Amino acid sequence: MNKYGKDFISNFYALIKSTFVYDFNNDVVINLVNKFFSHIKTLFQTCNQIEILRYRDYIFFNKVRMRFEVEGYASLQFIEENLKRLGIKSIVFLPGMKASEILKFASLFKLNREGFISEYNRIGFQTIVVEFYTGEDETVPEFLKDGEQIKKTYFKALKVTKNLVHNLWKRQPVDTRSFRRIIYTLIDSLSQDEFGLIALTTIKNFDEYTYNHSLNVGILSLAVGQRLDLERSNLVKLGTAGLLHDIGKVAISKSLIDKSQQLTEEEWKIMKKHSIYGVSEIIKTRGLDDISFAALLAAYEHHWNYDGSGYPERPDQKIQPNLFARIIRICDTYDAMTTSRPYQILPYLPAIAIRVIWSRTRTYFDPILTKIFIQMLGLYPVSSCIELDNGEIAVVIRQNPTHIDRPFIKIVMDKSKKKIDGPVIDLSMERKINIIRAIYPQKYDINPAQYLI
Ligand SMILES: [Fe+2]
Ligand SMILES: [Fe+2]
């Protein structure tokens, strides 16, 4: 689509420019109109309309954001600047457009905003529809709203987590107020778009495992808590506990944390102490209130297993970890398994991690919480790359709350394994297509994140 968009923008740009200099019946203009029309004809074979939309400094061609690249830079910049100058939000071109209409329209671009609006209204175009921004503040287009907001929240939360861990590591004061605020924001975002935020936890191409992992465990734990209908005050405690579960690692030498080889027995002993160190780090960071207490208890118990095993050793193996620690135990294991780390270059496929977690119910994990977790992520979690029984390859883009084995997928490769911009299919409705297996996206050079954000 980007290629079509680029060609469209450059043809439109050339046409506008030509109307600035030549008369309508000049050969240059006629040639450009012909070129524009032959291109648009092919576009209308596959879409009902063509839309150029501007939001801030971005141009979207049929809802796909155009990237500024060396080739086509001048035309994209020209269109962006002029739409901005004229206060235009979007231009929609409809089938049936005539050469005289597009010529008149292109020539309006030499006017100022007032002139443009009054001429546009006077002429009354039938097949070109312009929408203007009103007022200073540009409203976020509907299709961008959720995704943009949720991404902003995720990256803000990542920054706050990073600052907190970094400052603790350096023994510098921490900003607990922005930390508390981000927990509230995460809770609100989850209640608005649970799947959108969970989808972001699956994008693992960040170098910084510690921050990313802490945030992902926080988000996944909150999502489980929400499904348990916990009160908001408890969600605040759970979110804080999830984000801080591994905070004790700041008391362990960084060279050990970052070590790329298998740890020795002695090193494991030190590493396992992070659960205990977590208690003092949380008190140091937040003082001792209700929220801290819940978080330090969860940090202490988050490696306790359901069957009494795990660390640190407990006085009586019958003592069960508290609810928050049991939730974090599952989310922590899942996120760690599915992320590549220095000593786990090839992570588990999300679908395999789900099966491993299921196989360890009652030994490691609380059975009811495991069911809720799997119900939430599905058997093929969002971002999974899957092979279908018709030979096509797809990416899971959304869970189906009522069918954990039949999610919404987007076809990204055809039967001959050629990359395509295929349709989105709800597998719960399309019973003739079945998933054969989950596969590593690297096998076909697929980047699932591209289809999620
Ligand atoms: Fe841990
Ligand atoms: Fe962890």
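Trainee: Is Gly87 buried, exposed or partly exposed?

Mentor: A residue is buried if 20 or more other C-beta atoms lie within 10 Å of its own, exposed if 12 or fewer, and partly exposed in between, the C-beta atoms being placed from the backbone. Gly87 has 16 other C-beta atoms within 10 Å. Gly87 is therefore partly exposed.

Trainee: What should I know about the model and its numbering?

Mentor: This is a predicted model, in which local features need pLDDT of at least 70, side-chain atom pairs count only at pLDDT 80 or more, and totals for chains, interfaces and linings use all residues. Residues are numbered from 1 along each chain as its sequence is written, while chains are lettered from A and ligands numbered from 1 in the order in which they are written.

Trainee: In which loop does Gly87 lie?

Mentor: Helices (H or I, at least four residues) and strands (E, at least two) are DSSP runs, numbered from the N terminus. By this numbering, Gly87 belongs to the loop between α3 (73–85) and β4 (88–93).

Trainee: With which residues is Gly87 in contact, leaving aside its neighbours within four places in sequence?

Mentor: Two residues are in contact if their C-beta atoms, placed from the backbone, lie within 7 Å. With neighbours within four places in sequence left aside, the partners of Gly87 are Arg113, Phe132 and Tyr133.

Trainee: How far apart in space are Gly87 and Glu194?

Mentor: In sequence, 107 residues separate Gly87 and Glu194. In space, from C-alpha to C-alpha, the distance between Gly87 and Glu194 is 35 Å.

Trainee: Into which domains is the chain divided?

Mentor: Domain bounds come from an automatic or database domain assignment. The chain is divided into domain 1 (2–132), domain 2 (144–377) and domain 3 (385–452).

Trainee: Which helix gives the most to the side of domain 2 that touches domain 3?

Mentor: In this contact, 10 residues of domain 2 meet 7 residues of domain 3. At least two residues of that side of domain 2 come from each of α8 (194–201), α16 (350–359) and α17 (367–377). The greatest contribution, 3 residues, is that of α17.

Trainee: How many residues on the side of domain 2 that touches domain 3 are nonpolar, polar and charged?

Mentor: Ala, Val, Leu, Ile, Met, Phe, Trp, Tyr, Cys and Pro count as nonpolar, Asp, Glu, Lys and Arg as charged, and the others, Gly among them, as polar. On the side of domain 2 that touches domain 3, the division is 8 nonpolar, 2 polar and no charged.

Trainee: How many residues of α8 are buried?

Mentor: The buried residues in α8 are Gly196, Leu197, Ile198, Ala199, Leu200 and Thr201. Helix α8 is mostly covered, and the number buried, out of its 8 residues, is 6.

Trainee: Why is α9 described as oblique to α15?

Mentor: Axes are lines fitted to C-alpha atoms, for helices over the stretch in contact, and angles run from 0 to 180 degrees between N-to-C directions. Helix α9 (residues 209–227) and helix α15 (residues 323–337) have axes 9 Å apart, at an angle of about 135 degrees. Angles under 35 degrees count as roughly parallel, over 145 as roughly antiparallel, 65 to 115 as roughly perpendicular and the rest as oblique. The angle therefore makes α9, relative to α15, oblique.

Trainee: Which residues of α14 and α15 make their contact?

Mentor: The axes of helix α14 (residues 290–301) and α15 come within 8 Å and cross at roughly 50 degrees. This angle makes α14 oblique to α15. By class, their contact has 6 nonpolar, no polar and 1 charged residues. The residues are Ala294, Leu297, Ala298 and Glu301 of α14, together with Phe324, Ala325 and Ile328 of α15.

Trainee: Is the peptide bond from Tyr311 to Pro312 cis or trans?

Mentor: Pro312 is placed in the loop between α14 and α15. For the bond from Tyr311 to Pro312, omega is near -10 degrees, and the bond is cis.

Trainee: What is the phi of Arg362?

Mentor: Arg362 is located in the loop between α16 and α17. It counts as exposed, with 12 C-beta neighbours inside 10 Å. Its phi is positive in a residue other than glycine, with a value near 75 degrees.
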